[in-house]
Amino acid sequence: MSTTFKQKAPGENYGFDYSRSGNPTRKCLEECIASLEKGKHALCMASGLAATDLVVRLLKSGDHILSMNDLYGGTNRYFRTMKQFGVNITFVDATDIDKFGSAFQENTKLVWIETPTNPMMNIVDIEEVVKITKEKSNALVAIDNTFATCYFQRPLEMGADLVISSMTKYMNGHSDTVMGCVVVRDDKIAERLRFLQNACGAVPSPFDCFLVNRGLKTMHLRMKEHMKNGLAVARFLEGNSRVEKVLHPGLESHPQHLLAKRQMRGFSGMLTVFIKGGIEESKIFLKTLKLFTTAESLGGYESLAELPAIMTHASVPKEQREEIGIADNLIRLSVGLEEEDDLIADLDQALKTAIP
Ligand SMILES: *Cc1c(COP(=O)(O)O)cnc(C)c1O
């Protein structure tokens, strides 16, 4: 937890001088994450959004960000704050690669993709995005890998330049630390990011780094169990008469199931369900759930349920929410590590109460 480190002689240190610039616990975690993502350098920040901010600081006034439209509400809100600094941003559907390709501008310097998307569970073809970006610009491709994690998907191996994760979610996995990271291969970009990490200072504490490092020790076991439970819940819901539609990339009914199988080694516990009802039924459903807790966030050991239209995605402008399809009967589930039968029984009783 030390904030400062004894020096051999004035200006001559043993590898660390001041804890914002670096400390042994954060270094240990950063090396581990770089290795897991098949990158070369990792930089830990105090939250996923601080990691996003670090990447955007590679840009300058007059640059353009081409982002997909269906993304984490906080990232959307963050991007829109950049307009006042002269960084323009366009939100486009990246599942339609031609439409996405036609949105490049001559000043596009960053391409931002999330896959699977939150909460629509769309899959974006990372290799296609990398290809079209190299054709149209010299922009960097950044992938938000929070939903899949490096256990199931490695964007750097598919040609992406930067991988961003909110480690608050699956990587830590215990819902007790907020943290983010950026992983890169390129030494020059890493050097600039390292400078910015210290210069801007939104760094995590060594204790939080210790917690995430400990969480990573069981990530492979947790992800397998999240996948098993997530698929079981998705199949149960898909066969239920009170459900309109289920979105889970591991279901054969998912329009991009084949792409998902090609690009990912598996699926997390995230899924989206449209129940047969409106805002009232959705609220009753959430209030009646017992094992699933009504809460924002995802990726922890415990199952969570939420209503994006008024919770996680309330900060997305209404027109954009409607364009993406975030309706009042859309419920996002983060399926945790409880017993599969108990999870299904809980969803069953809540559906019966909400939609008699
Ligand atoms: C939570 C989340 C973020 C932001 O991370 P914080 O740690 O909450 O700042 C970014 N992207 C996705 C996909 C997320 O789920």
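Predicted model: local features only at pLDDT ≥ 70, side-chain atom pairs only at ≥ 80, totals over all residues.
Residues are numbered from 1 along each chain as its sequence is written, and side-chain values use heavy atoms, with hydrogens and water left out.

The protein is divided into domain 1 (7-216) and domain 2 (219-354), with bounds that come from an automatic or database domain assignment. Between the C-alpha centres of domain 1 and domain 2 the distance is 25 Å. The contact, meaning heavy atoms within 4.5 Å, takes 43 residues from domain 1 and 45 residues from domain 2. About 3500 Å² is buried between domain 1 and domain 2, and carbon and sulfur atoms give 59% of this area. Buried area here is the accessible area (1.4 Å probe) that two parts lose on being put together, summed over both. On the side of domain 1, Tyr151, Phe152 and Tyr170 supply 25% of the area buried against domain 2, more than any other three residues.

The interface also has polar and charged links. A salt bridge is a side-chain nitrogen of Lys or Arg within 4 Å of a carboxyl oxygen of Asp or Glu, and the rule finds one across the interface of domain 1 and domain 2. Polar contacts between domain 1 and domain 2 comprise 23 residue pairs, both residues being at pLDDT 80 or more. A polar contact is a pair of N or O atoms within 3.5 Å; within protein, one must be able to donate a hydrogen and the other to accept it, and residues adjacent in sequence count only if both atoms are side-chain atoms.

Helix H3 (73-81), helix H5 (126-136), helix H6 (149-152) and helix H8 (206-216) each supply at least two residues of the side that touches domain 2. H3 gives the most, with five residues. Helices (H or I, at least four residues) and strands (E, at least two) are DSSP runs, numbered from the N terminus. The residues of this side of domain 1 divide into 20 nonpolar, 16 polar and seven charged. In this division Ala, Val, Leu, Ile, Met, Phe, Trp, Tyr, Cys and Pro count as nonpolar, Asp, Glu, Lys and Arg as charged, and the others, Gly among them, as polar.

Attention now turns to a sheet. Five strands form an open sheet with mixed pairing, in the order E8-E9-E12-E11-E10. Two strands pair if DSSP finds at least two bridges between them. Strand E8 (243-247) and strand E10 (293-294) are the edge strands, each pairing on one side only. E10 runs parallel to strand E11 (residues 304-306), and two bridges join them. The bridge partner of threonine 294 in E11 is alanine 305.

Glutamate 244 lies in strand E8. Leaving aside residues up to four places away in sequence, glutamate 244 touches Phe274, Ile275, Lys276 and Asn329. Its side chain makes a polar contact with the side chain of asparagine 329 (3.4 Å).

Most residues other than glycine have a negative phi, and most peptide bonds are trans. The peptide bond from threonine 115 to proline 116 is cis, with omega near -5°, and a cis peptide bond also joins asparagine 118 and proline 119, with omega about 10°. Lysine 38, although not a glycine, has a positive phi of about 60°.

The salt-bridge count comes to 14. Lysine 40 forms a salt bridge with aspartate 187, the closest N and O atoms being 2.8 Å apart. Lysine 40 lies in the loop between H1 and E1 and aspartate 187 in helix H7 (residues 187-200), so the pair ties together parts that are 147 residues apart in sequence.
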